[in-house]
Amino acid sequence: MKTKKLLFPLIMLLLVVTSFTSCVIVDDDDLYHSPLVGSWELLEDQYGPVPQAYIDRLHFYSDGCGAYEAYDNYGYWSNWNFIWDYYGKYDNTVEIRFYDGTNWTYYWEIYRGYLYLYDYWNKNNYLVYRPIY
């Protein structure tokens, strides 16, 4: 009897664990060819150049995974993983979903090699990233 009671929770746990093992969001090769794929470092925002202590980095991988890096309060890099998807055929948005449930959505464009991210709700707020090679 105890085995039957444990069977359903174990199956549910197995389904949850296997659903988080892959970062691929779409079934086709769109992410592999996205211009967002690569590493980007924050250069400026709507107020001007960003001081060294506030620089962050975005890493977009071709499999739909990514990483966000920023300095913590002690001057060390901290890292948060996310999954991402972009919609470039119609409205140029990128959706970044962190594993803690935080979601970021930006309009994006690449102009003269720089990545511009515009706040989804207020396009006057923007971030400019340069590629990291």
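## Strand pairing and hairpins

Strand S7 is joined by six bridges to strand S8 (residues 114–119), and the two run antiparallel. The structure described here is a predicted model. Within this pairing, Tyr-111 has Tyr-114 of S8 as its bridge partner. The hairpin of S7 and S8 has two residues between the strands, and Arg-112 adopts a positive phi near 55° there.

On its other pairing, S7 (residues 103–111) meets strand S6 (residues 93–98) in the antiparallel sense over five bridges. Arg-97 is found opposite Asn-103 of S7. S6 and S7 also form a hairpin, with four residues between them. In that turn, Gly-101 has a positive phi of about 100°.

## Salt bridges

Four salt bridges are found in a search of the whole structure. In one of them, the side chains of Glu-41 and Arg-57 meet at 3.0 Å, N to O. This pair links distant parts of the chain, with Glu-41 in strand S1 (residues 38–45) and Arg-57 in strand S3 (residues 56–60), 16 residues apart. Glu-41 is buried, because its relative accessible area of 10% falls under 20%. Arg-57 counts as partly exposed, at 23% relative accessibility.

Glu-41 also forms a salt bridge with the side chain of Arg-130, at 2.6 Å, N to O. Arg-130 belongs to strand S9 (residues 126–132) and Glu-41 to strand S1, so this contact ties together parts that are 89 residues apart in sequence. With a relative accessible area of 34%, Arg-130 is partly exposed. Through salt bridges that share partners, Glu-41, Arg-57, Glu-69 and Arg-130 are joined into one network.

Another salt bridge is formed by the side chains of Arg-97 and Glu-95, at 2.5 Å, N to O. Glu-95 is partly exposed, with a relative accessible area of 23%. Arg-97, a partner in this salt bridge, is the residue that stands opposite Asn-103 in S7.

## Aromatic pairs and cluster

The search of the whole structure finds 16 aromatic pairs. One is formed by Tyr-68 and Phe-98, whose ring centres lie 6.2 Å apart with the planes at 85°, so the arrangement is edge-to-face. Tyr-68 in strand S4 (residues 65–71) and Phe-98 in strand S6 are 30 residues apart, and their pair links distant parts of the chain. Tyr-68 is buried, with a relative accessible area of 14%, and Phe-98 likewise counts as buried, at 10% relative accessibility.

The rings of Tyr-107 and Tyr-120 form a stacked pair, because their planes lie at 20° with the centres 5.0 Å apart. Here too the pair links distant parts of the chain: Tyr-107 is in strand S7 and Tyr-120 in the loop between S8 and S9, 13 residues apart. Tyr-120 counts as partly exposed, at 29% relative accessibility.

One aromatic cluster is formed by Phe-60, Tyr-68, Trp-80, Phe-82, Trp-84, Tyr-86, Phe-98, Trp-104, Tyr-106 and Trp-108. The edge-to-face partners Tyr-68 and Phe-98 are among its members.

Note on methods. Residues are numbered from 1 along each chain as its sequence is written. This is a predicted model: local features need pLDDT of at least 70, side-chain atom pairs count only at pLDDT 80 or more; totals for chains, interfaces and linings use all residues. Side-chain values use heavy atoms; hydrogens and water are left out. Buried means under 20% relative accessible area, exposed over 50%, partly exposed in between (1.4 Å probe, protein chains only). Two strands pair if DSSP finds at least two bridges between them. Rings of Phe, Tyr and Trp (its six-membered ring) pair if their centres lie within 6.5 Å; planes under 30 degrees apart count as stacked, over 60 as edge-to-face and the rest as tilted.
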